[in-house]
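This report describes one protein chain for a reader who has not seen it before. Please look over the sequence and the model before reading on.

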Amino acid sequence: MKQLKTLPHDEEFFSVYAMLIRTIRRSKTAAQLVSAATEIGIIYTASLSALQPIFPDVAAVIALGVALLGTAVIEIGLRVLAPQSVDAVLYRRYAGLHLPMTIAVALLTIVLLGTSGLLSFKNSKVIVDTFAPEATQQETTPVDSIYQSQEQEERILFTQDSTSLAERFAAEMTATSTAFDQSIAVKERELRNYRHKEIRTKQSFATRKDQVLLERDQLKAERAQALAQLERQRQAAFTDLRTAAKDALTLVSTAYTVELDSIKRVNTLALQQRDTTVSNYGLGLGWFTLVCLFIFCVAVILDRVHAKGSGIEDKVEISQYDFMPSVWINAWQALRERLNYWFQERIKRFQDATPPAPLPTDREELYDPTTINNIKITLRLEQEAAASEEDNVILIPSKRRQIGFRQATENTDTERAHTKNSCAIKDTPTEYDLRQWKQRLKDYKKRLGRHTQKKLVTERRGETVSSRTLSAIENNQKWVEHYTQLLEQYSNLNKD
């Protein structure tokens, strides 16, 4: 089915707006492309978010297919329905069966226009966000590396200072303890000397021993006090060291936090600027898509008004293929019939091969084989029935039409005159049509050559040429002469 347009009746009106309408048609196509691009984006995004949890592997492909199909439905529907809606108003198709068609077309056009405008306007921000460059974000990796390095250095320094401090106080405590231990050992030896002296002299030195014991205990007490003093100093030194290390780590952490905050503020400001840009340009693109939709509507209206004012009408050229079943239906029907024939033929063959039921075996019949004669029959075509006078002749109807310039009737052997229905090729022209005569002459020459070649091949083999081939050669030769004569007469008539 093809759609054709008639020539304009009002050429003056057509010429005035022809170039304008040509440009408007191009702008209409461009406007639809802009709308289609925005619609594909929003449908793809929505479909992908819905299909991702269900089909994570093929969600993108399915979403793209849904987006393309949905956009094609909207834009192709508008391209077909919008002109029909305008024509319904221009030609006042409000009566009879035109009324429900006009209402349905108008409603579908309004729905598709609203859907296209809504999707395009809503998706503009998504498109701008997709194609806009990402905001520049500063990395915190260098700052993190410096912080970790400084923190590690402070911890190593604290460990080294702690070890040095512990070793120093340990040495002092050891030296102090050793000094007091030697003094106490002296007092112990002095006490033992007094005891030995008492044994030798049989005298008592209790006062001297008590004084030595007292001095020894005083040395022990002084040793304990000295060690306790050193322990307090050690604890105080460690406390000061830990405080200093903590302060150093605090300074490092504070500097790190300040730098991180600075980077975050810069990154946040960049993101805010990008969001502002996307919002502004997205809103602008949304309004631009609505303008494109408006241009599409105006272009359709002006195009149809120009066609009506110029007197251009839309005609439809149909062919037999437009009303025939589709190739899929024919293919399925042919396959079904072929399978049906295949099964039925094999069932019939199996049925024919099945022997009949056996006769009763309780009684046997006797017969004389010599009294049975074979029955003979003769098979002949219907065309040969008149020449046959034999009995038991079975006539076989011919499945091919008879070929001949003059065909024999069924009951007589006389030839009948040539009519337009006795030609070998259907629809032979009888009026003066030079083109069809030439085509018929060409066809009959081909057929004559084919049958002549068949005759020559048969003669080379040493076989007898069939009467059907000879009749075909004679018939086609007569048709060639007939159309040659017609063309010569037509040529002579034009010369006169």
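How are H2 and H5 oriented to each other: parallel, antiparallel, perpendicular or oblique? The section on H2 and H5 gives the answer.

## Basis of the report

The model is predicted, so local features are taken only where pLDDT is at least 70 and side-chain atom pairs only at pLDDT 80 or more, while totals for chains, interfaces and linings use all residues. Residues are numbered from 1 along each chain as its sequence is written, and side-chain values use heavy atoms, with hydrogens and water left out.

## The chain as a whole

The chain holds eight helices and four strands. Helices (H or I, at least four residues) and strands (E, at least two) are DSSP runs, numbered from the N terminus. Read from the N terminus, the order of elements is β-α-α-α-α-α-β-α-β-β-α-α.

The chain has 496 residues, of which 24% count as buried. Buried means under 20% relative accessible area, exposed means over 50%, and partly exposed lies in between (1.4 Å probe, protein chains only). Among contacts with a separation of 6 or more, 71% are between residues 24 or more positions apart. A contact here means heavy atoms within 4.5 Å.

## H2 and H5

Helix H2 covers residues 59-90 and helix H5 covers residues 206-310; their axes come within 9 Å and cross at roughly 50°. Axes are lines fitted to C-alpha atoms, for helices over the stretch in contact, and angles run from 0 to 180 degrees between N-to-C directions. H2 and H5 are therefore oblique to each other. Angles under 35 degrees count as roughly parallel, over 145 as roughly antiparallel, 65 to 115 as roughly perpendicular, and the rest as oblique.

The crossing of H2 with H5 is right-handed. A crossing is right-handed if the near helix is turned clockwise from the far one by less than a right angle, and left-handed if anticlockwise. On the H2 side the contact includes Leu 78, Arg 79 and Ala 82, and on the H5 side it includes Phe 296, Val 300 and Ile 301. By class, this contact of H2 with H5 has nine nonpolar, no polar and four charged residues. Ala, Val, Leu, Ile, Met, Phe, Trp, Tyr, Cys and Pro count as nonpolar, Asp, Glu, Lys and Arg as charged, and the others, Gly among them, as polar.

Helix H1 (residues 11-51) packs with H2 at an angle of about 145°, and their axes are 8 Å apart. H1 and H2 also make a right-handed crossing. The contact of H1 with H2 comprises 16 nonpolar, six polar and four charged residues.

H4 and H5 pack at about 180°, with 9 Å between their axes. That makes H4 roughly antiparallel to H5. In the contact of H4 with H5 there are 28 nonpolar, seven polar and 23 charged residues.

## The length of H4

Helix H4 runs over residues 141-201, and its 61 residues should span 90 Å at 1.5 Å a residue; the end C-alpha atoms are 89 Å apart, which agrees. The expected span is 1.5 Å times one less than the number of residues.

Asp 303 lies in helix H5. Its relative accessibility is 9%, so Asp 303 counts as buried. Beyond its neighbours within four places in sequence, Asp 303 is in contact with Ile 21, Arg 25 and Lys 28.

Val 298 is also in helix H5, and is partly exposed at a relative accessible area of 31%. His 98 is in helix H3 and is partly exposed, with a relative accessible area of 48%.

## Positive phi values

Most residues other than glycine have a negative phi. Arg 92 has a positive phi near 55°. Arg 92 lies in the loop between H2 and helix H3 (98-131), and counts as exposed at 64% relative accessibility.
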